[in-house]
Amino acid sequence: MKTVTADQIREISGVDTRKCMKCGRCSASCPAYDEMDIRPHQFISYVQNGNIEPLMNSKSISKCLSCFACVERCPRNVKPAKVIEAVRVSVLRQRGETILSADEMPELLDENMPQQLLMSAFRKYKK
Amino acid sequence: MIYSYFPGCTLKNKAKDLDLYARESAKALGFELEEIPEWQCCGGVYPLASDEIATKLPSVRALADAKSKGQDLITVCSACHHVIKRVNDDMANVNDIQTRVNNYMGLDEPYLGETTVLHYLEVLRDRVGFDELAKKVTNPLTGRKIGAYYGCLLLRPSATMQFDDPENPTILEDFIRAIGAEPVVYAMRNECCGGYVSLKAKDQAESMVDRVLSSAKAKGAEELITACPLCMYNLTKNCKGEGMKVSYFTELLAEALGIKEVQS
């Protein structure tokens, strides 16, 4: 997997990471905090420090729910969810990189699953 | 009043009740839902990456179709509403996306976010009015203690969604009051149900659902309502222990209007 640059993450996300004042409210609000190895506030400082490789290998990119609690509650309008998404797509846009493959689906499916779940998961986990 | 209606993929399949009772109730309330012909799936999630264009096109096609008829666009599913409303905001305000989408689509007249996007609940609140709705209730759901489950997608980000106060919303509680029941306010009503992670990480969704249901039960809620098929799935199928009755808000609306048989 090729590591992208911090500038590319800033460009894809549209986020100016310099605005972060490290208050931690994003991580305090995050319902997936316990599941993440690198937390939302850390994503911002990793990008600010140009340290993208650990983010691309982080399990957090499959744990973020896109619930926008961090976006809503950030007092500086930094939008951490957009940074996590930029890292996620930077991984998924590379050949062979996927979080969810169609081959896994028969095992994962149950008869009650709404189409919305399958659609959303494929949009988030595969290109 | 005729509205352009975007039902979305799940309302044609696993969430048929959400769709059916929205249509039936609309007739009783004096407005009509005209389904957009050949609508395409919204994608379920809003494409957050600012360089994504193709995944926004289905929303723009629906929005442009509504514009050509001079109609406002209604959605019932929280996810469809979220995606279409945010794409519309991009089309109104983000120059790069406006240009690239319109270059690709080659419409007779560029689409620049002109269509008004409304969730069905907003129509009830802002167009019909909850007072008027209450007058049309023939079968008030008296004595039922109902918790509103908002989830994420209707409320956030509030700068774009402009649906209600994102931390202290009231629209669903006002709706519950209008149909004659008693709203139960609880802390976790606007926290995430686990969303799409439940596909691969059931345990993550289960712990989140557990927090929502415990919070609702602790405040005395006996049942919940939602506008989202994925919330419905997670709340009912990914709960640990004893679950709770969850209905689509349109089901209870139809019950109160005397369209749907009462289920206890």
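How many helices and strands does chain B have? I began my notes with this question, and I found 11 helices and 8 strands in chain B, where helices (H or I, at least four residues) and strands (E, at least two) are DSSP runs numbered from the N terminus.

I kept in mind that this is a predicted model, in which local features need pLDDT of at least 70 and side-chain atom pairs count only at pLDDT 80 or more, while totals for chains, interfaces and linings use all residues. Residues are numbered from 1 along each chain as its sequence is written, and chains are lettered from A and ligands numbered from 1 in the order in which they are written.

**Chain B**

I looked up the radius of gyration of chain B, taken over C-alpha atoms, and it is 18 Å, close to the 18 Å that the globule rule (2.2 Å times the number of residues to the power 0.38) gives for 264 residues, so chain B is as compact as a globular protein of that length. I also noted that its C-alpha atoms fill a box of roughly 55 × 45 × 30 Å along the principal axes.

**Chain A**

I read from the domain assignment, which is automatic or comes from a database, that chain A has domain 1 (6–94) and domain 2 (99–127), and that their C-alpha centres lie 23 Å apart.

**Where the chains touch**

I counted residues as in contact if their C-beta atoms, placed from the backbone, lie within 7 Å, and the contact takes 32 residues from chain A and 34 residues from chain B. On the side of chain A that touches chain B, α9(A) gives the most, with 8 residues.

Terms used:
Two residues are in contact if their C-beta atoms, placed from the backbone, lie within 7 Å.
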